[in-house]
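Hello,

Here is the structure I promised to pass on.

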Amino acid sequence: MSELLVVEDLTVTFPTTRGPVDVVKGVSFTVGRDETVGIVGESGSGKSMTSLAIMGLLPRGATTGGSVRLDGVELLGAADRDLRRLRGDQMSMVFQDPLSSLNPYYTVGLQIDEVYRAHRGRSRRAAREVAIKALEQVGLPDAGRRVDHYPHQFSGGQRQRIMIAMALVCSPALLIADEPTTALDVTVQAQILRLLADLRQQTGTGMIFITHDLAVISSIATRVLVMRAGEPVEYGTAEQVFAEPRHDYTRMLLESIPRIDDEVTT
Ligand SMILES: Nc1ncnc2c1ncn2[C@@H]1O[C@H](COP(=O)(O)OP(=O)(O)OP(=O)(O)O)[C@@H](O)[C@H]1O
Ligand SMILES: [Mg+2]
């Protein structure tokens with residue numbers, strides 16, 4: 001079976017007063033239909049620009065090169081209308097900060113409904129049932145009542161669950177999670193990671209998981225792409241990258257992971 005997503009030699013360029021600047025420089029990777037691929041790199045390495053390029057959501061002015069094919073369909077240069085149809089349906093993204101992506105003036109149920117009805121064109125009643133199911137699926141207690149609550153009535157971890165419910169409501173083939181746990185405390189981070197891993201297994205959604213923390217990747221990804229300053233520095237299976245990193249930069253990231261058998265020096 002062919003790969004779900006094929007990214008080939010992707011570049012993202014911004015015009016600046018000092019001329020064009022490449023923030024993604026020739027990135028290639030693939031995501032299988034039943035796979036989680038991790039993208040790791042320090043702040044500013046181009047992880048978000050890579051995912052926004054895939055989603056067709058780059059800031060105005062940015063230009064792209066190379067190729068991004070979802071299920072064989074070229075996304076770079078595709079018409080806005082076609083991309084809008086694919087987003088939320090065939091591909092979804094969970095952003096780092098759920099508060100900035102949830103509308104404070106609408107109940108979470110209505111916001112999930114909106115995604116569902118935009119793509120499935122079903123009645124409000126049917127959509128409400130789907131929203132409640134989606135909230136149950138991400139482990140939100142008392143979903144039948146909570147569906148009518150507003151974003152500010154939830155904790156950070158709960159809001160991230162709601163974002164995941166919204167992203168998965170149309171059962172997309174591809175889910176991009178861009179640092180979905182960085183704003184959360186460690187215990188909640190672990191819960192969200194487990195949830196994403198479980199959901200991926202149940203739904204068979206292919207996933208791209210973005211983080212600057214290599215330790216997080218080790219528990220969830222089958223393949224890993226390491227980026228630095230827009231460049232792909234290393235790409236391979238998780239075992240390969242962890243066991244024998246080929247690049248100094250990856251080694252440095254690995255060394256910064258605190259290990260359970262590290263000596264305590266305090
Ligand atoms: N509108 C813009 N115009 C020019 N350059 C930009 C613009 N937006 C982002 N950049 C640059 O693109 C580069 C890559 O940014 P990106 O957001 O992809 O990094 P990241 O790896 O996601 O970092 P983080 O871990 O902090 O989220 C950065 O150097 C940033 O300064
Ligand atoms: Mg980012």
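**Salt bridges**

Asp248 is exposed, with a relative accessible area of 55% (exposed means over 50%, buried under 20% and partly exposed in between, with a 1.4 Å probe and protein chains only). Before going on, please note that this is a predicted model, where local features need pLDDT of at least 70, side-chain atom pairs count only at pLDDT 80 or more, and totals for chains, interfaces and linings use all residues. Residues are numbered from 1 along each chain as its sequence is written, chains are lettered from A and ligands numbered from 1 in the order in which they are written, and side-chain values use heavy atoms, leaving out hydrogens and water.

Asp248 makes a salt bridge with Arg251, with 2.9 Å between the closest N and O atoms (a salt bridge is a side-chain nitrogen of Lys or Arg within 4 Å of a carboxyl oxygen of Asp or Glu). The two are three residues apart in helix α11 (residues 248–255), so about one helical turn separates them (helices are DSSP runs of H or I with at least four residues, strands are E runs of at least two, and both are numbered from the N terminus). Arg251 counts as partly exposed, at 33% relative accessibility.

In total the structure holds 11 salt bridges. Another one joins the side chains of Arg223 and Glu3 at 3.8 Å, N to O. This pair links distant parts of the chain, 220 residues apart: Arg223 is in strand β9 (residues 223–228) and Glu3 in the segment before β1 (5–14). Arg223 is buried, at 17% relative accessible area, while Glu3 is partly exposed at 31%. Glu35 joins Glu3 and Arg223 in a network of salt bridges.

**Around ligand 1**

The residues surrounding ligand 1 include Phe14, Val23, Lys47 and Glu179 (a residue is near if one of its heavy atoms lies within 4 Å). Helix α1 (residues 47–55) gives the most to this shell, with three residues.

Lys47 lies in helix α1 and counts as buried, at 5% relative accessibility. Its side chain reaches the backbone oxygen of Gly41 at 2.9 Å and that of Glu42 at 3.1 Å.

Best wishes

Note on methods:
Polar contact = N/O pair within 3.5 Å; in protein donor to acceptor, adjacent residues only side chain to side chain.
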